[in-house]
Amino acid sequence: MPLTVLIALVVLGIAGVALLIHTTGLSQPCRFTTEAEARAAWTREFPLTDVTGVTLCRSGRAALIATPNGPGVVWPMGADSTARKLTNARVTPRDGGLTLHLSDYAAPTVRLYLDPDETALWAERIGTT
Amino acid sequence: MSDQITFPDVVQLAVPFFIAAILAELLWIRVSGKGGRYETRDAITSLLMGAGNVTAGIALGFIAWGFFMYLWGLTPLDLGTAWWVILLCFVLDDLRYYWVHRFGHRIRWVWASHVNHHSSQHYNLTTALRQTWTYTFTFMMVVRAPLILLGFHPALVLFCGGLNLIYQFWIHTETIGRMPKWVEAVMNTPSHHRVHHGRNARYLDANYAGVFIVWDKMFGTFVPELDKEKPDYGLVHNLGTFNPIRVAFHEWVGIWHDVTQPGLSLRDRLMYCVAPPGWSHDGSRETSDQIKTRHLAAHPEQRGTPGF
(Lines give C-alpha, C1' and ligand atoms only; values in the text may rest on other atoms or scores of the structure.)
Protein backbone atom coordinates (compact mmCIF):
# COMPACT_ATOMS: atom_id res chain seq x y z
CA MET A 1 0.00 0.00 0.00
CA PRO A 2 1.43 3.42 -0.94
CA LEU A 3 2.50 5.39 2.11
CA THR A 4 0.32 8.36 1.19
CA VAL A 5 -2.76 6.14 1.03
CA LEU A 6 -1.86 4.55 4.38
CA ILE A 7 -1.40 7.94 6.03
CA ALA A 8 -4.71 9.21 4.63
CA LEU A 9 -6.50 6.08 5.82
CA VAL A 10 -5.05 6.34 9.32
CA VAL A 11 -5.71 10.07 9.71
CA LEU A 12 -9.26 9.91 8.35
CA GLY A 13 -9.95 6.69 10.23
CA ILE A 14 -8.89 8.09 13.59
CA ALA A 15 -10.72 11.37 12.98
CA GLY A 16 -13.87 9.61 11.84
CA VAL A 17 -13.97 7.17 14.73
CA ALA A 18 -13.26 9.95 17.25
CA LEU A 19 -15.99 12.15 15.77
CA LEU A 20 -18.52 9.34 15.82
CA ILE A 21 -17.75 8.40 19.41
CA HIS A 22 -17.97 12.03 20.52
CA THR A 23 -21.19 12.77 18.66
CA THR A 24 -22.87 9.72 20.15
CA GLY A 25 -22.34 11.19 23.61
CA LEU A 26 -19.45 9.11 24.83
CA SER A 27 -17.15 11.93 25.94
CA GLN A 28 -18.75 12.55 29.31
CA PRO A 29 -16.28 12.00 32.15
CA CYS A 30 -17.12 9.75 35.06
CA ARG A 31 -18.74 11.44 38.07
CA PHE A 32 -18.68 10.18 41.64
CA THR A 33 -22.19 10.59 42.96
CA THR A 34 -21.49 9.32 46.46
CA GLU A 35 -18.56 9.11 48.84
CA ALA A 36 -18.91 5.34 48.68
CA GLU A 37 -18.28 5.41 44.94
CA ALA A 38 -15.17 7.53 45.42
CA ARG A 39 -13.96 5.25 48.21
CA ALA A 40 -14.49 2.20 45.99
CA ALA A 41 -12.55 3.86 43.16
CA TRP A 42 -9.69 4.55 45.58
CA THR A 43 -9.71 1.03 46.99
CA ARG A 44 -9.60 -0.34 43.44
CA GLU A 45 -6.18 1.31 43.08
CA PHE A 46 -4.90 1.03 46.66
CA PRO A 47 -6.56 -1.98 48.31
CA LEU A 48 -4.02 -2.06 51.16
CA THR A 49 -4.39 1.55 52.25
CA ASP A 50 -6.83 2.33 55.03
CA VAL A 51 -9.25 5.14 54.23
CA THR A 52 -10.02 7.41 57.20
CA GLY A 53 -12.07 9.99 55.34
CA VAL A 54 -13.52 10.93 51.97
CA THR A 55 -14.19 14.48 50.80
CA LEU A 56 -16.20 14.46 47.60
CA CYS A 57 -16.23 17.72 45.67
CA ARG A 58 -19.59 19.12 44.61
CA SER A 59 -18.94 18.58 40.91
CA GLY A 60 -18.31 14.90 41.60
CA ARG A 61 -15.16 15.12 39.50
CA ALA A 62 -12.70 14.25 42.27
CA ALA A 63 -12.49 13.15 45.86
CA LEU A 64 -9.85 13.76 48.46
CA ILE A 65 -9.01 10.63 50.38
CA ALA A 66 -7.60 10.78 53.89
CA THR A 67 -5.28 7.95 54.88
CA PRO A 68 -2.98 7.39 57.86
CA ASN A 69 -0.05 8.14 55.57
CA GLY A 70 -1.38 11.40 54.17
CA PRO A 71 -3.92 12.45 51.59
CA GLY A 72 -4.64 10.96 48.20
CA VAL A 73 -6.88 11.90 45.34
CA VAL A 74 -9.17 9.92 43.10
CA TRP A 75 -10.38 11.42 39.84
CA PRO A 76 -12.04 10.46 36.54
CA MET A 77 -10.03 9.09 33.65
CA GLY A 78 -12.58 9.31 30.90
CA ALA A 79 -15.44 7.01 31.80
CA ASP A 80 -13.30 5.37 34.48
CA SER A 81 -11.08 6.60 37.28
CA THR A 82 -7.63 6.47 38.75
CA ALA A 83 -6.00 7.55 42.00
CA ARG A 84 -2.70 8.69 43.42
CA LYS A 85 -1.20 9.31 46.83
CA LEU A 86 -0.20 12.93 47.16
CA THR A 87 3.40 12.36 48.12
CA ASN A 88 5.53 15.31 46.98
CA ALA A 89 2.54 16.89 45.28
CA ARG A 90 2.58 20.60 44.44
CA VAL A 91 -0.67 22.55 44.37
CA THR A 92 -1.30 25.63 42.26
CA PRO A 93 -4.52 27.63 42.06
CA ARG A 94 -6.31 28.25 38.80
CA ASP A 95 -9.70 29.51 37.67
CA GLY A 96 -12.29 27.02 38.82
CA GLY A 97 -10.17 25.07 41.25
CA LEU A 98 -6.70 23.72 41.72
CA THR A 99 -4.08 21.92 39.72
CA LEU A 100 -2.09 19.16 41.34
CA HIS A 101 1.41 18.57 40.04
CA LEU A 102 2.54 15.05 40.85
CA SER A 103 6.01 13.59 40.54
CA ASP A 104 4.62 10.79 38.40
CA TYR A 105 5.33 10.57 34.67
CA ALA A 106 2.14 8.55 34.15
CA ALA A 107 0.00 11.07 36.03
CA PRO A 108 1.77 14.43 35.84
CA THR A 109 -1.13 16.77 36.62
CA VAL A 110 -4.64 16.56 37.97
CA ARG A 111 -7.11 19.39 37.36
CA LEU A 112 -9.54 19.71 40.23
CA TYR A 113 -12.86 21.45 39.51
CA LEU A 114 -13.86 23.04 42.79
CA ASP A 115 -16.16 25.77 44.08
CA PRO A 116 -14.33 28.70 45.74
CA ASP A 117 -15.01 27.53 49.29
CA GLU A 118 -13.94 24.01 48.37
CA THR A 119 -10.76 25.33 46.79
CA ALA A 120 -9.55 26.82 50.06
CA LEU A 121 -10.46 23.71 52.02
CA TRP A 122 -8.78 21.32 49.60
CA ALA A 123 -5.66 23.47 49.36
CA GLU A 124 -5.40 23.45 53.13
CA ARG A 125 -5.94 19.70 53.41
CA ILE A 126 -3.51 18.86 50.65
CA GLY A 127 -0.99 21.43 51.89
CA THR A 128 2.58 20.83 50.92
CA THR A 129 2.68 17.06 50.96
CA MET B 1 19.26 -19.80 -1.09
CA SER B 2 16.26 -17.56 -1.81
CA ASP B 3 16.87 -13.97 -0.74
CA GLN B 4 14.24 -12.25 -2.86
CA ILE B 5 11.03 -13.73 -1.43
CA THR B 6 8.38 -11.11 -0.74
CA PHE B 7 5.08 -11.28 1.06
CA PRO B 8 2.47 -8.54 1.39
CA ASP B 9 2.46 -6.33 4.50
CA VAL B 10 -0.83 -7.75 5.70
CA VAL B 11 -1.11 -5.45 8.71
CA GLN B 12 -1.09 -2.36 6.52
CA LEU B 13 -3.56 -3.98 4.16
CA ALA B 14 -5.84 -4.72 7.11
CA VAL B 15 -6.11 -1.08 8.20
CA PRO B 16 -9.40 -0.46 6.30
CA PHE B 17 -10.81 -3.63 7.88
CA PHE B 18 -9.74 -2.44 11.34
CA ILE B 19 -11.53 0.88 10.87
CA ALA B 20 -14.67 -0.74 9.47
CA ALA B 21 -14.81 -3.29 12.30
CA ILE B 22 -14.40 -0.58 14.95
CA LEU B 23 -17.25 1.40 13.41
CA ALA B 24 -19.41 -1.72 13.30
CA GLU B 25 -18.66 -2.58 16.93
CA LEU B 26 -19.36 0.97 18.06
CA LEU B 27 -22.67 1.10 16.20
CA TRP B 28 -23.67 -2.30 17.56
CA ILE B 29 -22.97 -1.19 21.12
CA ARG B 30 -24.90 2.07 20.65
CA VAL B 31 -27.87 0.37 18.96
CA SER B 32 -28.09 -2.72 21.18
CA GLY B 33 -26.99 -1.03 24.41
CA LYS B 34 -24.78 -3.96 25.31
CA GLY B 35 -21.51 -5.59 24.41
CA GLY B 36 -18.91 -3.17 25.69
CA ARG B 37 -18.01 0.45 26.23
CA TYR B 38 -16.35 3.25 24.26
CA GLU B 39 -15.01 6.58 25.47
CA THR B 40 -13.63 9.27 23.20
CA ARG B 41 -10.20 10.04 24.70
CA ASP B 42 -9.49 6.41 25.49
CA ALA B 43 -10.28 5.38 21.92
CA ILE B 44 -8.26 8.22 20.40
CA THR B 45 -5.26 7.26 22.54
CA SER B 46 -5.57 3.64 21.48
CA LEU B 47 -5.79 4.58 17.81
CA LEU B 48 -2.82 6.94 18.06
CA MET B 49 -0.83 4.17 19.74
CA GLY B 50 -1.69 1.97 16.78
CA ALA B 51 -0.59 4.64 14.31
CA GLY B 52 2.62 5.09 16.29
CA ASN B 53 3.24 1.36 16.21
CA VAL B 54 3.02 1.32 12.41
CA THR B 55 5.30 4.39 12.27
CA ALA B 56 7.83 2.74 14.59
CA GLY B 57 7.75 -0.35 12.41
CA ILE B 58 8.54 1.71 9.32
CA ALA B 59 11.27 3.69 11.12
CA LEU B 60 12.94 0.90 13.09
CA GLY B 61 11.95 -2.25 11.21
CA PHE B 62 15.30 -2.32 9.44
CA ILE B 63 16.99 -3.35 12.71
CA ALA B 64 15.05 -6.60 13.10
CA TRP B 65 15.11 -7.17 9.34
CA GLY B 66 18.90 -6.74 9.25
CA PHE B 67 19.28 -9.18 12.13
CA PHE B 68 17.03 -11.75 10.47
CA MET B 69 18.81 -11.48 7.11
CA TYR B 70 22.14 -11.89 8.90
CA LEU B 71 20.84 -15.14 10.41
CA TRP B 72 19.42 -16.16 7.03
CA GLY B 73 22.89 -15.80 5.59
CA LEU B 74 24.26 -18.13 8.25
CA THR B 75 21.82 -21.00 7.96
CA PRO B 76 22.29 -23.72 5.36
CA LEU B 77 18.57 -24.57 5.58
CA ASP B 78 15.85 -23.25 3.25
CA LEU B 79 12.36 -24.69 3.65
CA GLY B 80 10.93 -22.66 0.77
CA THR B 81 7.37 -21.36 0.63
CA ALA B 82 5.18 -24.42 0.08
CA TRP B 83 1.74 -24.17 1.70
CA TRP B 84 2.66 -26.59 4.46
CA VAL B 85 5.79 -24.58 5.22
CA ILE B 86 3.67 -21.45 5.60
CA LEU B 87 1.25 -23.33 7.85
CA LEU B 88 4.07 -24.77 9.96
CA CYS B 89 5.71 -21.38 10.20
CA PHE B 90 2.41 -19.83 11.34
CA VAL B 91 2.02 -22.41 14.12
CA LEU B 92 5.64 -22.17 15.27
CA ASP B 93 5.57 -18.38 15.14
CA ASP B 94 2.47 -18.49 17.34
CA LEU B 95 4.48 -20.57 19.82
CA ARG B 96 7.16 -17.89 19.57
CA TYR B 97 4.48 -15.26 20.26
CA TYR B 98 3.32 -17.13 23.35
CA TRP B 99 6.79 -16.99 24.90
CA VAL B 100 7.53 -13.42 23.90
CA HIS B 101 4.17 -12.44 25.37
CA ARG B 102 4.88 -14.37 28.56
CA PHE B 103 8.27 -12.69 28.84
CA GLY B 104 6.43 -9.42 28.25
CA HIS B 105 4.51 -9.92 31.49
CA ARG B 106 7.27 -11.45 33.58
CA ILE B 107 10.34 -9.39 32.65
CA ARG B 108 10.02 -5.69 33.38
CA TRP B 109 12.29 -4.69 30.48
CA VAL B 110 9.86 -6.32 28.07
CA TRP B 111 6.81 -5.22 30.09
CA ALA B 112 7.96 -1.62 29.59
CA SER B 113 7.12 -2.10 25.92
CA HIS B 114 4.00 -4.22 26.33
CA VAL B 115 2.39 -2.36 29.24
CA ASN B 116 0.75 0.23 27.00
CA HIS B 117 -1.40 -2.49 25.41
CA HIS B 118 -2.92 -3.08 28.85
CA SER B 119 -3.20 0.58 29.82
CA SER B 120 -6.79 1.08 28.70
CA GLN B 121 -9.58 0.50 31.19
CA HIS B 122 -11.79 -0.35 28.23
CA TYR B 123 -11.87 -3.54 26.22
CA ASN B 124 -12.98 -2.96 22.67
CA LEU B 125 -11.54 -3.20 19.17
CA THR B 126 -9.58 0.03 19.59
CA THR B 127 -7.78 -1.61 22.52
CA ALA B 128 -6.39 -4.15 20.06
CA LEU B 129 -4.63 -1.32 18.23
CA ARG B 130 -3.10 0.14 21.42
CA GLN B 131 0.27 -1.29 20.49
CA THR B 132 3.84 -0.63 21.55
CA TRP B 133 6.18 1.90 19.99
CA THR B 134 9.27 0.45 21.63
CA TYR B 135 9.26 -3.26 20.83
CA THR B 136 12.61 -3.01 19.02
CA PHE B 137 14.30 -1.99 22.28
CA THR B 138 13.18 -5.15 24.07
CA PHE B 139 15.45 -7.21 21.76
CA MET B 140 12.72 -9.85 21.65
CA MET B 141 13.45 -10.32 17.96
CA VAL B 142 16.04 -12.87 19.13
CA VAL B 143 13.19 -15.24 19.98
CA ARG B 144 12.52 -15.51 16.27
CA ALA B 145 16.12 -16.58 15.58
CA PRO B 146 15.39 -20.32 15.79
CA LEU B 147 12.72 -20.02 13.09
CA ILE B 148 15.13 -18.30 10.71
CA LEU B 149 17.92 -20.76 11.48
CA LEU B 150 15.52 -23.67 10.86
CA GLY B 151 15.05 -22.41 7.31
CA PHE B 152 11.96 -20.21 7.41
CA HIS B 153 12.67 -17.14 5.32
CA PRO B 154 12.52 -13.84 7.29
CA ALA B 155 9.84 -12.49 4.96
CA LEU B 156 7.71 -15.56 5.62
CA VAL B 157 8.22 -15.27 9.37
CA LEU B 158 7.18 -11.61 9.37
CA PHE B 159 4.20 -12.46 7.14
CA CYS B 160 3.04 -15.05 9.68
CA GLY B 161 3.62 -12.56 12.49
CA GLY B 162 1.38 -10.09 10.67
CA LEU B 163 -1.37 -12.68 10.26
CA ASN B 164 -1.02 -13.45 13.97
CA LEU B 165 -1.52 -9.80 14.86
CA ILE B 166 -4.56 -9.52 12.60
CA TYR B 167 -6.11 -12.61 14.19
CA GLN B 168 -5.74 -11.05 17.60
CA PHE B 169 -7.62 -7.93 16.55
CA TRP B 170 -11.11 -9.43 16.63
CA ILE B 171 -10.74 -11.04 20.07
CA HIS B 172 -10.56 -7.62 21.75
CA THR B 173 -14.29 -7.29 22.17
CA GLU B 174 -17.07 -7.77 24.67
CA THR B 175 -19.69 -8.06 21.95
CA ILE B 176 -18.94 -11.78 21.59
CA GLY B 177 -19.62 -13.96 24.60
CA ARG B 178 -18.33 -17.44 23.98
CA MET B 179 -17.58 -19.26 20.76
CA PRO B 180 -18.55 -22.92 20.09
CA LYS B 181 -16.83 -25.35 22.46
CA TRP B 182 -14.34 -26.68 19.96
CA VAL B 183 -13.23 -23.15 19.10
CA GLU B 184 -12.82 -22.24 22.78
CA ALA B 185 -10.83 -25.45 23.28
CA VAL B 186 -8.27 -24.77 20.56
CA MET B 187 -8.28 -21.11 19.63
CA ASN B 188 -7.72 -17.88 21.48
CA THR B 189 -11.13 -16.22 21.74
CA PRO B 190 -12.64 -13.01 23.08
CA SER B 191 -13.49 -14.84 26.30
CA HIS B 192 -9.95 -16.14 26.81
CA HIS B 193 -8.39 -12.81 25.97
CA ARG B 194 -10.72 -10.83 28.24
CA VAL B 195 -9.17 -12.86 31.04
CA HIS B 196 -5.72 -11.82 29.86
CA HIS B 197 -6.68 -8.14 30.10
CA GLY B 198 -8.20 -8.49 33.56
CA ARG B 199 -6.47 -6.87 36.53
CA ASN B 200 -8.36 -9.12 38.96
CA ALA B 201 -5.94 -11.14 41.08
CA ARG B 202 -7.41 -14.30 39.58
CA TYR B 203 -6.72 -13.24 36.03
CA LEU B 204 -3.20 -11.81 36.35
CA ASP B 205 -0.51 -13.47 34.21
CA ALA B 206 -2.88 -15.78 32.35
CA ASN B 207 -3.76 -16.62 28.74
CA TYR B 208 -0.70 -15.40 26.86
CA ALA B 209 -1.78 -17.07 23.62
CA GLY B 210 -1.87 -15.28 20.31
CA VAL B 211 -3.90 -17.59 18.07
CA PHE B 212 -3.91 -21.04 19.70
CA ILE B 213 -4.96 -21.22 23.36
CA VAL B 214 -3.45 -24.69 23.50
CA TRP B 215 -0.08 -23.16 24.41
CA ASP B 216 -1.49 -21.86 27.68
CA LYS B 217 -3.02 -25.25 28.40
CA MET B 218 0.31 -26.94 27.64
CA PHE B 219 2.41 -24.57 29.76
CA GLY B 220 0.00 -24.16 32.69
CA THR B 221 -1.07 -20.55 32.25
CA PHE B 222 -4.66 -21.06 31.10
CA VAL B 223 -7.45 -19.53 33.18
CA PRO B 224 -11.06 -19.65 31.93
CA GLU B 225 -13.34 -16.64 32.15
CA LEU B 226 -15.70 -17.13 35.05
CA ASP B 227 -19.26 -15.89 34.73
CA LYS B 228 -19.23 -14.93 38.40
CA GLU B 229 -16.13 -12.74 38.06
CA LYS B 230 -16.13 -10.19 35.26
CA PRO B 231 -12.69 -8.99 34.21
CA ASP B 232 -11.76 -5.55 35.53
CA TYR B 233 -9.71 -4.10 32.68
CA GLY B 234 -6.60 -1.99 32.96
CA LEU B 235 -3.40 -1.94 34.96
CA VAL B 236 -2.92 -2.75 38.63
CA HIS B 237 -2.14 0.98 38.96
CA ASN B 238 -4.00 2.77 36.20
CA LEU B 239 -2.52 5.67 34.28
CA GLY B 240 -3.53 9.26 34.94
CA THR B 241 -2.97 10.48 31.39
CA PHE B 242 -4.23 9.96 27.86
CA ASN B 243 -1.06 11.47 26.36
CA PRO B 244 0.21 8.81 23.92
CA ILE B 245 3.84 9.73 24.52
CA ARG B 246 3.47 9.20 28.25
CA VAL B 247 1.53 6.00 27.62
CA ALA B 248 4.31 4.74 25.36
CA PHE B 249 7.25 5.59 27.58
CA HIS B 250 6.00 5.68 31.19
CA GLU B 251 7.37 2.31 32.23
CA TRP B 252 10.75 3.04 30.64
CA VAL B 253 10.84 6.26 32.67
CA GLY B 254 9.87 4.24 35.75
CA ILE B 255 12.75 1.85 35.15
CA TRP B 256 15.14 4.77 34.77
CA HIS B 257 13.98 6.33 38.06
CA ASP B 258 14.28 3.03 39.88
CA VAL B 259 17.67 2.08 38.47
CA THR B 260 19.24 5.47 39.15
CA GLN B 261 18.07 5.95 42.72
CA PRO B 262 20.99 6.23 45.12
CA GLY B 263 22.16 3.55 47.51
CA LEU B 264 21.25 0.44 45.53
CA SER B 265 23.48 -2.53 44.86
CA LEU B 266 24.30 -3.48 41.29
CA ARG B 267 22.04 -6.52 41.72
CA ASP B 268 19.11 -4.34 42.78
CA ARG B 269 19.58 -2.10 39.76
CA LEU B 270 19.63 -5.13 37.47
CA MET B 271 16.56 -6.59 39.15
CA TYR B 272 14.62 -3.39 38.49
CA CYS B 273 15.20 -4.14 34.80
CA VAL B 274 14.63 -7.87 34.59
CA ALA B 275 12.56 -8.93 37.60
CA PRO B 276 8.78 -9.25 37.24
CA PRO B 277 6.84 -5.97 37.22
CA GLY B 278 6.15 -4.84 40.76
CA TRP B 279 9.45 -6.08 42.15
CA SER B 280 11.19 -3.59 44.46
CA HIS B 281 14.35 -3.76 46.52
CA ASP B 282 12.51 -2.75 49.72
CA GLY B 283 9.31 -4.74 49.20
CA SER B 284 7.24 -1.56 48.90
CA ARG B 285 5.46 -2.81 45.79
CA GLU B 286 3.73 -6.01 44.80
CA THR B 287 4.37 -8.46 41.99
CA SER B 288 1.45 -10.37 40.52
CA ASP B 289 2.46 -13.42 42.56
CA GLN B 290 2.32 -11.35 45.74
CA ILE B 291 -1.05 -9.89 44.75
CA LYS B 292 -2.43 -13.41 44.29
CA THR B 293 -0.96 -14.51 47.63
CA ARG B 294 -2.50 -11.53 49.41
CA HIS B 295 -5.84 -12.17 47.73
CA LEU B 296 -5.82 -15.78 48.85
CA ALA B 297 -4.99 -14.75 52.41
CA ALA B 298 -8.17 -12.68 52.39
CA HIS B 299 -10.20 -15.26 50.45
CA PRO B 300 -8.82 -18.70 51.37
CA GLU B 301 -11.96 -20.38 50.02
CA GLN B 302 -10.77 -19.51 46.50
CA ARG B 303 -7.59 -21.55 46.78
CA GLY B 304 -7.52 -24.17 44.05
CA THR B 305 -10.02 -22.35 41.86
CA PRO B 306 -8.96 -21.16 38.36
CA GLY B 307 -6.14 -18.63 38.53
CA PHE B 308 -5.15 -19.60 42.07
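**Entry 1: Val115(B)**

I began with Val115(B), which I located in the loop between helix H5 (108-114) and helix H6 (125-128) of chain B. Helices (H or I, at least four residues) and strands (E, at least two) are DSSP runs, numbered from the N terminus. The model is predicted, so local features need pLDDT of at least 70 and side-chain atom pairs count only at pLDDT 80 or more, while totals for chains, interfaces and linings use all residues. Residues are numbered from 1 along each chain as its sequence is written, and chains are lettered from A and ligands numbered from 1 in the order in which they are written.

Is Val115(B) buried or exposed? I noted that Val115(B) counts as buried because it has 23 C-beta neighbours inside 10 Å. (A residue is buried if 20 or more other C-beta atoms lie within 10 Å of its own, exposed if 12 or fewer, and partly exposed in between; C-beta atoms are placed from the backbone.) Leaving aside residues up to four places away in sequence, I found that Val115(B) touches Leu235(B) and Glu251(B). Contact requires the C-beta atoms of two residues, placed from the backbone, to lie within 7 Å. I also looked up Pro180(B): 65 residues separate it from Val115(B) in sequence, and the two C-alpha atoms are 31 Å apart in space.

**Entry 2: Records for chain B**

I consulted UniProt, whose unreviewed entry lists a "transmembrane region" at residues 12-31, 43-70, 82-99 and 147-170 of chain B. UniProt positions are given in the numbering used here, feature names are shortened, and annotations may be inferred rather than shown by experiment. In the model, residues 12-31 of chain B are 95% helix and 0% strand, with end C-alpha atoms 30 Å apart. Residues 82-99 of chain B are 94% helix and 0% strand, and their end C-alpha atoms lie 26 Å apart.

From the unreviewed UniProt entry I also noted "domain: Fatty acid hydroxylase" for residues 87-221 of chain B. That span is 53% helix and 0% strand, and 25 Å separates its end C-alpha atoms.

**Entry 3: Where chain A meets chain B**

I found 27 residues of chain A in contact with 29 residues of chain B. Which element gives the most to the side of chain A that touches chain B? H1(A) does, with ten residues. By class, this side of chain A has 17 nonpolar, six polar and four charged residues. (Ala, Val, Leu, Ile, Met, Phe, Trp, Tyr, Cys and Pro count as nonpolar, Asp, Glu, Lys and Arg as charged, and the others, Gly among them, as polar.)

I then followed helix H1 (residues 3-23) of chain A to helix H3 (residues 40-74) of chain B: their axes come within 9 Å and cross at roughly 170°. Axes are lines fitted to C-alpha atoms, for helices over the stretch in contact, and angles run from 0 to 180 degrees between N-to-C directions. The crossing makes H1(A) roughly antiparallel to H3(B). (Angles under 35 degrees count as roughly parallel, over 145 as roughly antiparallel, 65 to 115 as roughly perpendicular and the rest as oblique.) Residues in this contact include Val10(A), Ile14(A) and Val17(A) from H1(A), and Ala43(B), Ile44(B) and Leu47(B) from H3(B). The contact of H1(A) with H3(B) holds ten nonpolar, two polar and no charged residues.

The axes of H1(A) and helix H2 (residues 15-32) of chain B come within 10 Å and cross at roughly 5°. These two helices, H1(A) and H2(B), are therefore roughly parallel to each other. Among the residues in contact are Leu6(A), Leu9(A) and Gly13(A) of H1(A), with Val15(B), Pro16(B) and Ile19(B) of H2(B). Here I recorded twelve nonpolar residues, one polar and no charged.

**Entry 4: Sheets of chain A**

I found an open sheet of four strands in the order E1-E2-E3-E4 (chain A), with antiparallel pairing. (Two strands pair if DSSP finds at least two bridges between them.) Its edge strands, strand E1 (53-56) and E4 of chain A, each pair on one side only. The twist averages 25° from one strand to the next.

An open sheet of three strands, also antiparallel, has the order E5-E6-E7 (chain A). Strand E5 (90-94) and E7 of chain A each have a single partner strand, so one side of each lacks a neighbour in the sheet. The twist there averages 20° from one strand to the next. Helix H3 (residues 116-126) of chain A packs on this sheet, touching E5, E6 and E7 of chain A, and its direction makes about 25° with that of E6(A).

Five bridges join strand E6 (residues 97-101) of chain A to E7(A). I noted Gly97(A) opposite Tyr113(A) and Thr99(A) opposite Arg111(A). On strand E7 (residues 109-113) of chain A, Val110(A) and Leu112(A) form the covered face, whereas Thr109(A), Arg111(A) and Tyr113(A) form the uncovered one.
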